[in-house]
Amino acid sequence: MNRFQFVADHQRRFGVKRLCQVLGIARSSSCYWGKTAPTRATRQAADAKLTAKIRKVHQESDRTSGVPRATADSARSANA
């Protein structure tokens with residue numbers, strides 16, 4: 001868990017201002033983190049999907065393809 005998630009989880013009990021002071025982060029940073037949550041979630045989903053493709057390529061090659069080849073193969077299949 002990161003500091004911003006901690007603030008989000010406990011803000012009702014302690015307040016954002018107090019939590020940010022204790023954790024040494026700017027309130028504006030905490031607000032920005034909250035506003036960008038959907039973008040982060042989308043990026044994490046895309047990363048998970050790419051990871052699954054790379055693992056599949058790696059498995060299908062009897063674990064002989066390294067990361068560069070697996071990444072290239074998965075990118076090629078995504079564009080096809």
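## A buried serine

S30 is buried, with a relative accessible area of 9%; buried here means under 20% relative accessible area, exposed over 50% and partly exposed in between, using a 1.4 Å probe and protein chains only. This serine sits in helix 3, which covers residues 27–35. Setting aside neighbours within four places in sequence, S30 is in contact with F4, V7, V16 and C20, where contact means heavy atoms within 4.5 Å.

## About the model

What you see is a predicted model, in which local features need pLDDT of at least 70, side-chain atom pairs count only at pLDDT 80 or more, and totals for chains, interfaces and linings use all residues. Residues are numbered from 1 along each chain as its sequence is written, and side-chain values use heavy atoms, leaving out hydrogens and water.

## The overall picture

Along its principal axes, the C-alpha trace spans about 55 × 25 × 15 Å. Of the 80 residues, 18% are buried. Among contacts between residues at least 6 apart in sequence, 21% join residues at least 24 apart.

Now back to C20, one of the contacts of S30. The structure holds zero disulfides, a disulfide being a pair of cysteine sulfur atoms within 2.5 Å. For C20, the nearest cysteine sulfur is that of C31, 7.4 Å away, which is too far for a bond. How exposed or buried are C20 and C31? C20 is buried, at 2% relative accessible area, whereas C31 is partly exposed, at 44%.

## Charges

The chain carries 16 positive and 5 negative side chains, and the centres of the two sets lie 17 Å apart. Lys and Arg count as positive and Asp and Glu as negative, while His and the chain ends are not counted. Each charge is placed at NZ of Lys, CZ of Arg, CG of Asp or CD of Glu.

How values were computed
Helices (H or I, at least four residues) and strands (E, at least two) are DSSP runs, numbered from the N terminus.
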